Amino acid sequence: TEAFKNLGREDILTAFAVKSCSNINVLKILADLGAGADIVSEGEMRRALKANIPAEKIMFSGVGKSKQEIIYALKHKIGVINVESEPELELIAKTAQELNVTAPISLRVNPDVVAKTLPGISTGKKGDKFGIALDLVRDVYKKASKMAAIDLKGLDFHIGSQVFDVEEFRPAFEKVRKLLCDIRSEDGLAVTHIDCGGGLGVPYHPHETPPNMQDYAKLVLDYFGDLEVKLAFEPGRFISGNAGILVSKLLYEKQDSDEWCCLIIDAAMNDLARPAIYGAYHHIVPVQDNTTKPIKKYDIVGPVCESTDTFAKNYTFPQLGQGDLVAFLTAGAYGATMSSHYNTRLDAPEVLVEKGAFHIIKRRPTYDTLFELEMI
């Protein structure tokens with residue numbers, strides 16, 4: 001927001017991607033700072049509303065919205081529903097008619113732009129499940145403009161996550177600007193809203209440098225600043241990623257030979273799933289000062305009964321003692337939100353550290369609370 005203010009543009013909406021870090025206490029802090037919410041389910045919508053994020057600042061994304069979720073969104077008068085397919089548009093229009101309300105929507109464009117990121121977090125190229133193909137958007141936009149129960153706001157797009165070079169956004173910006181201008185000039189239809197998505201990268205490796213926000217803001221305004229549209233953004237990881245760590249304890253050091261040694265810690269793939277799902281890297285550091293300890297190479301693994309429960313291989317690390325603590329950095333995004341109870345393991349508690357004080361903002365459940373939903 002500050003980067004855009006520096007360039008004279010203040011009327012932007014920063015809608016935090018709730019999927020990255022959904023604890024209601026965190027959302028309340030962001031709400032107090034003026035943030036909206038980008039949500040992808042009824043559950044996330046409920047979280048955002050419970051955190052006092054104004055309904056008009058909530059944007060509903062996702063390719064598979066159910067009728068129940070659409071009803072909930074319309075009844076609570078959220079700001080905009082990002083439509084990702086023609087059948088979804090038809091269901092939203094039909095549902096809005098049944099409720100005798102008007103549905104505020106934008107169309108999500110798939111601009112067919114390849115982001116230099118992990119395949120599992122690419123969202124804007126042909127073949128990805130997200131958005132409406134670029135060459136079909138104008139026809140769908142025309143169709144939506146004729147629907148009585150639809151309030152057509154504009155366009156939405158997102159090319160993927162972990163983008164460090166802001167120039168990677170340029171091809172998508174070019175395509176969406178041309179599309180917007182064609183819709184206005186050739187089709188005679190209004191476009192008042194552009195949602196540029198998120199995707200700005202955070203440094204998981206110590207050598208990585210985050211993108212320059214001033215450069216990003218300038219690039220956005222170069223393409224959309226003169227078009228008299230309201231600008232919205234969906235940062236998630238960029239806000240929450242480096243705000244959180246996962247702390248774990250060494251259970252055992254296991255050495256089968258001179259060539260192979262591993263550290264078995266009490267955190268597992270159910271606590272931090274990204275390495276197991278798509279080989280994502282998290283920098284791991286000892287919590288205590290271990291600078292005098294000998295350096296070794298380890299595989300760092302968790303206790304879950306899967307070979308994929310491995311956080312790092314051949315990782316250079318100071319020798320630890322049993323019970324020593326390690327920290328996984330940049331775990332604030334997609335850490336807690338992607339966790340599970342696999343192997344019937346309990347959630348890690350979540351602790352908010354603020355101004356030298358700490359507060360438990362999610363308690364560790366007991367086994368009894370875990371079993372409650374299954375008991376007859």
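Reader: How far apart in helical turns are Lys218 and Asp222 of helix α8?
Author: Helices here are DSSP runs of H or I, at least four residues, and strands are E runs of at least two, both numbered from the N terminus. Lys218 and Asp222 sit four residues apart in helix α8. An α-helix has 3.6 residues a turn, so residues three or four places apart point the same way. The separation of Lys218 and Asp222 is therefore about one helical turn.

Reader: Which pLDDT do side-chain atom pairs need in this model?
Author: Residues are numbered from 1 along each chain as its sequence is written, and side-chain values use heavy atoms, leaving out hydrogens and water. The model is predicted: totals for chains, interfaces and linings use all residues, local features need pLDDT of at least 70, and side-chain atom pairs count only at pLDDT 80 or more.

Reader: What is the closest N and O distance between Lys218 and Asp222?
Author: Side chains of opposite charge can pair when their charged atoms come close. The cut-off for a salt bridge is a side-chain nitrogen of Lys or Arg within 4 Å of a carboxyl oxygen of Asp or Glu. Lys218 and Asp222 form one, with their closest N and O atoms at 3.3 Å.

Reader: Is Asp182 buried or exposed?
Author: Asp182 forms a salt bridge with Lys178 at 2.8 Å between the closest N and O atoms. Both lie in helix α7 (residues 170-185), four residues apart. Buried means under 20% relative accessible area, exposed over 50%, and partly exposed in between (1.4 Å probe, protein chains only). Lys178 has 55% and counts as exposed, whereas Asp182, at 13%, is buried.

Reader: Which strands do Glu350 and Lys362 tie together?
Author: The side chains of Glu350 and Lys362 meet in a salt bridge, 4.0 Å from N to O. The two residues are twelve apart in sequence, so the pair ties together strands β16 and β17.

Reader: Which elements do the buried residues of α4 pack against?
Author: Helix α4 covers residues 67-75, and its buried residues are Glu69, Ile70, Tyr72, Ala73 and Leu74. Contact means heavy atoms within 4.5 Å. The buried residues of α4 pack against α3 (42-50), β3 (58-60), β4 (80-83), α5 (86-99) and β5 (103-110).

Reader: Which residue with positive phi follows α4?
Author: The phi is near 55 degrees. The residue that follows α4 is Lys77.

Reader: What distance separates the C-alpha atoms of His193 and Pro210?
Author: His193 lies in strand β8 (residues 193-195) and is buried at 10% relative accessibility. Pro210 is 17 residues from His193 along the chain, and the C-alpha separation is 27 Å.

Reader: What is the radius of gyration of the chain?
Author: The chain has eleven helices and 17 strands. The radius is taken over C-alpha atoms, and the globule rule is 2.2 Å times the number of residues to the power 0.38. That rule gives 21 Å for 376 residues, and the chain is as compact as a globular protein of that length because its radius is close to that, at 23 Å.
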